[in-house]
Amino acid sequence: MGETYPEKLSTRTLLLAVLLLAVVTALFTPDFLSPYNLLDVAATASVTGIFALGLLVVLLAGGLDISFTAIASITQFGLAVVLARTDLGWTLSILLVSVTGLAFGVLNGALVTWLRTPPIVVTIALLNIYAGALILVSRGAMLYDFPEFFSTSVVARIGGYPLSLQLVLLLVFALVTAFILRGTHWGRIVRAVGGSREAASRQGISILAVNLFAYGYLGLASGVAGLAQAQLLQAVTPGALVGRELDVVAATVLGGASLIGGRGTVLGTLLGVLFIGLFGNALVLNGVSPYWHQVATGSVVLISLCLQLMRRRQTKARALA
């Protein structure tokens, strides 16, 4: 299934906004375009991007999950505990966080389906349960005793500049997500359920199976994002990721994903992540208080929701005309 006209319009508008933001910031902040600054922005934004791609699949299926940062915190803490005792290497480390995150995601999907309550209510409860339990078990201790292989994030060098692990993981997730959503029958089923759950159910589509897949995919993405963030900081602090949900939701919604399901693209989501990342970096470089970042992020979500509401009303009006 190709992009719809509203999705194409949203993506093109956001691309122009990203370019405009980059040009204006570069004019007033010479350090903005330095390779090392852009690489830092890319590595940090990649963690948000992995979360956002997982959340995109849940939103397309008509769901919503707020507990992904707590899942990431649990998986990265578990990984840090294991790595303090055993040198797993990259392959087993990624496998460990993926399986752990997937298990939590599938549990979320089962609970959301079974309780038949708005997903945001269920997942806020789960966020508190997961985050609170982690603090109790870990006693808030910071872990930083990682084996040697975990200290470098450089996967390759292109033109002398390092290609980070975080960026590689984001690109892999983007390709896999795009393939699932556009190249498989399962991707069309996810969109169909998000577009109209009742109609999909009447056609014999299992809502439980779609929810298990969508929430499980976000759980898996959360586990990998937790690993990427732990490698970036070379430390794990329980609960440090909790509170970043709004950045991820803002990037995904800004990228054109609908909070009522059925609409959103991988490219739009990546552009949303890039916009939020560049905007935050521009504020830091200009010495603006980080609290303004929170104000701006919340405003982005509110404006995006208003635009989505206007588009829905226009579409409905054209359909009735």
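**Helix packing and a hairpin in a predicted model**

Q: At roughly what angle do the axes of helix H2 and helix H11 cross?
A: This is a predicted model. H2 spans residues 35–60 and H11 spans residues 266–285. Their axes come within 9 Å and cross at roughly 140 degrees.

Q: How many charged residues are in the contact of H2 with H11?
A: Residues of H2 including Val41, Ala45 and Leu53 meet residues of H11, among them Leu270, Val273 and Leu278. By class, the contact holds ten nonpolar and six polar residues. The number of charged residues is none: no charged.

Q: In which hand does H4 pass H5?
A: H4 covers residues 89–115 and H5 covers residues 119–138. They pack at about 140 degrees, with axes 10 Å apart. The crossing of H4 past H5 is right-handed.

Q: How many nonpolar residues are in the contact of H4 with H5?
A: Phe104, Leu107 and Leu111 are among the H4 residues that meet H5, where Val122, Leu126 and Tyr130 are among the partners. Two polar and no charged residues take part. The nonpolar count is nine.

Q: Which residue in the turn between S1 and S2 has a positive phi?
A: Strands S1 (residues 154–158) and S2 (residues 161–164) run antiparallel, joined by four bridges. They form a hairpin with two residues between them. The turn residue with a positive phi of about 60 degrees is Gly159.

Methods
Residues are numbered from 1 along each chain as its sequence is written. This is a predicted model: local features need pLDDT of at least 70, side-chain atom pairs count only at pLDDT 80 or more; totals for chains, interfaces and linings use all residues. Side-chain values use heavy atoms; hydrogens and water are left out. Two strands pair if DSSP finds at least two bridges between them. Axes are lines fitted to C-alpha atoms, for helices over the stretch in contact, and angles run from 0 to 180 degrees between N-to-C directions. A crossing is left-handed if the near helix is turned anticlockwise from the far one by less than a right angle, and right-handed if clockwise. Contact means heavy atoms within 4.5 Å. Ala, Val, Leu, Ile, Met, Phe, Trp, Tyr, Cys and Pro count as nonpolar, Asp, Glu, Lys and Arg as charged, and the others, Gly among them, as polar.
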